[in-house]
Amino acid sequence: MSTTDEVREKARGLHRVIGSVWLAQLGGSHRVTNTNIARALEAFHHLVSAGDGGRVQTVAVELLAGNLEWARHRIERYSFHLYDTNAPISKQREALEYWVVLEPDNNKLHCFLGQCWQKEEGTGSQKALDCFKEACRLREDYPPNWANLGKALLARGRDGAVDFLQRLERVEKDCPQAIDGHVRAIQANCYKLAGKDVEAAALRMERIRGGSLDAIFYNDEARARLAAGNPSGALEILDLADKTGCADEFTAGIRYTIFQQTDPAQAATLRMERINAGSQSTIFYFQEAKARLDAGSPFGALDILDLADKNGCSDDFTISLRCKVLQQTDPAQAAALRMELIRAGSRNTVIYVQEAKVRLDANNRSGALEILDLADKNGCENDFTAAMRGTILQQTDPAQAAALRVERIVAGSRNAAFYTDEAKARLEAGNPSGALEILDLAEKNGCADDITRSVQGAVLQQIDPEKAAAFRMEIIDAGTQNAAIYAQEARARLTSGNPSGALEILDRAENTGCGGDFITTIRGAILQGRQADREDSRTEY
């Protein structure tokens with residue numbers, strides 16, 4: 001027997017002893033009290049951990065003289081008591097585990113237990129997934145069971161999305177009443193994650209044209225159009241949501257995101273109307289705080305985040321943004337806040353990534369890896385923490401970093417960072433064709449974004465400058481707001497001796513509202529060169 005097996009066997013033995021002690025404390029008492037139920041729950045927890053699940057029925061018999069119907073009634077009352085008093089999730093979950101043993105065919109109990117596991121272990125919890133699968137098996141015609149299963153499988157990435165789509169295909173034939181609007185919305189998200197954007201859009205538009213009153217179809221379609229660089233198309237969908245009377249605060253948030261690009265003052269006015277009215281929708285506070293931070297007003301951003309706290313609508317997004325703001329105004333306070341959350345077992349992935357990045361920027365690679373290890377330990381490892389780990393390993397062990405990225409890419413990850421980082425690494429290693437292969441996979445898997453396209457422009461510039469120019473101009477003519485694409489094209493024209501053409505591109509960048517440091521720097525270089533040319537001309541005469 002290995003050392004690990006020996007340790008596990010000793011642990012099971014300890015659980016067995018502790019469970020027996022709790023069971024013994026019941027003695028001959030048949031009184032149904034919260035104290036006795038708590039003792040039974042402790043016995044249940046340790047006996048299951050010891051692998052003695054069969055003794056669970058003994059707990060019920062010892063507690064209630066074999067009256068299982070009464071036991072079910074009492075555990076139901078006790079579970080609702082824990083819920084109503086906001087007891088720790090672990091305690092609620094323990095009660096539900098015991099209840100499920102008493103009523104193994106109750107699909108709702110498996111559903112509730114799965115939700116508890118997700119709160120404890122995160123949306124990707126295997127235990128939660130098993131509970132939702134069992135709920136669907138027990139009652140195949142109940143849409144909430146399939147919605148829970150779909151969201152749990154979505155959390156597992158592309159493979160999970162494909163799994164859910166295959167399950168739905170079968171269920172739609174055998175039990176069509178199991179699929180309602182909520183399940184359809186999750187199905188559309190699965191199509192998107194599986195790289196089937198056309199099918200996702202078709203499903204959403206079918207529901208929208210059918211007059212659906214479910215805002216999620218309008219919101220998701222508007223987001224998809226906005227992400228594809230079609231803000232006017234997104235607004236058309238949002239207008240339809242307003243017309244059908246199903247717009248919600250998320251619909252408004254998407255509208256304000258579009259206005260932030262076209263009319264920032266109007267966007268701010270609309271957000272502040274909601275905030276000043278005491279809205280408890282986090283999205284307005286998050287958007288306004290981020291807009292203020294992006295505009296160089298970190299203290300103004302903190303004012304908004306304080307209002308979110310005051311109005312009771314702070315969440316992981318506002319907390320993560322607060323840490324980002326504090327990193328600018330008070331790095332020590334930012335680090336203290338992040339570490340307080342991490343030590344408390346936070347499952348907010350962004351906090352771990354932020355802290356790891358700060359440590360990496362401070363050249364503390366081992367410290368950054370320690371934080372990512374804590375993310376793994378606390379059950380919130382995902383593509384973002386893995387991408388950060390790859391960034392760190394690229395400095396210490398490039399081969400291991402590449403292996404990590406390629407593993408995620410082959411698995412169909414839609415996190416663009418893996419593709420961007422791997423393509424950059426191949427390009428820097430003198431392998432532009434290999435870089436293009438990775439970028440082609442990003443397009444195929446539906447996760448190409450502004451950054452991957454910028455890298456693609458740089459790769460093509462090395463392989464085929466004319467093709468690179470055509471690639472960039474296609475994106476520019478489509479009205480992109482990706483400043484890097486304009487900068488690349490302007491530099492290429494300047495290098496080829498066409499400063500006037502370069503200035504035309506920079507003008508287009510500013511006209512589309514994406515001027516910035518890149519654009520200003522290149523414009524300055526061009527104008528400086530022209531000034532030098534004029535001085536040279538005067539010298540010749």
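Me: Is Tyr256 buried or exposed, and what is its relative accessible area?
Reply: This is a predicted model, and the values are computed from it. A residue counts as buried when its relative accessible area is under 20%. Tyr256 falls under that limit, so it is buried, with a relative accessible area of 6%.

Me: Which type of aromatic pair do Tyr256 and Phe284 form?
Reply: The ring centres of Tyr256 and Phe284 lie 5.7 Å apart, and the angle between the planes is 45°. Planes under 30 degrees apart count as stacked and those over 60 as edge-to-face, with the rest called tilted. The pair of Tyr256 and Phe284 is therefore tilted.

Me: Which helices does this pair link, and how many residues apart are Tyr256 and Phe284?
Reply: Tyr256 belongs to helix α14, which covers residues 249–262. Phe284 belongs to helix α16, covering residues 282–294. The pair thus joins distant parts of the chain, namely α14 and α16, and its two members are 28 residues apart.

Me: What is the relative accessibility of Phe284?
Reply: The limit for a buried residue is under 20%. Phe284 counts as buried because its relative accessibility is 0%.

Me: How many aromatic pairs does the structure hold, and of which type is the pair of Phe80 and Trp99?
Reply: The structure holds three aromatic pairs. In the pair of Phe80 and Trp99, the ring centres are 6.3 Å apart and the planes meet at 75°. Because planes over 60 degrees apart count as edge-to-face, the pair of Phe80 and Trp99 is edge-to-face.

Me: Where is Asn86, and what is its phi?
Reply: Asn86 sits in the loop between α4 and α5. With a relative accessible area of 67%, Asn86 is exposed. Although Asn86 is a residue other than glycine, its phi is positive, near 55°.

Me: Which loop contains Asn363, and what is its phi?
Reply: Asn363 is found in the loop between α20 (349–361) and α21 (365–377). At 57% relative accessibility, Asn363 counts as exposed. Asn363 is not a glycine, yet it has a positive phi of about 65°.

Me: What span should helix α24 have, and how far apart are its end C-alpha atoms?
Reply: Helix α24 has 13 residues, 416–428, and each step along a helix is taken as 1.5 Å. The expected span uses one less than the number of residues, so α24 should span 18 Å. The end C-alpha atoms of α24 agree with this, being 18 Å apart.

Me: Which helices do the buried residues of α24 pack against?
Reply: The buried residues of α24 include Ala416, Phe418, Tyr419 and Leu427. Just after α24, Gly430 takes a positive phi of about 80°. The buried residues of α24 pack against α22 (383–396), α23 (398–410), α25 (432–444) and α26 (450–463).

Me: Which residues does Ala386 touch, not counting residues up to four places away in sequence?
Reply: Ala386 is found in helix α22. Its relative accessible area is 3%, so Ala386 is buried. Apart from residues up to four places away in sequence, Ala386 touches Glu381, Leu404, Arg408 and Phe418.

Me: Is Glu221 buried or exposed, and which residues does it touch beyond four places away in sequence?
Reply: Glu221 lies in helix α12 (residues 215–227). Because its relative accessible area is 4%, Glu221 is buried. Not counting residues up to four places away in sequence, Glu221 touches Ala201, Arg204, Met205, Ile208 and Ile237.

Methods:
Residues are numbered from 1 along each chain as its sequence is written. This is a predicted model: local features need pLDDT of at least 70, side-chain atom pairs count only at pLDDT 80 or more; totals for chains, interfaces and linings use all residues. Side-chain values use heavy atoms; hydrogens and water are left out. Helices (H or I, at least four residues) and strands (E, at least two) are DSSP runs, numbered from the N terminus. Buried means under 20% relative accessible area, exposed over 50%, partly exposed in between (1.4 Å probe, protein chains only). Contact means heavy atoms within 4.5 Å. Rings of Phe, Tyr and Trp (its six-membered ring) pair if their centres lie within 6.5 Å; planes under 30 degrees apart count as stacked, over 60 as edge-to-face and the rest as tilted.
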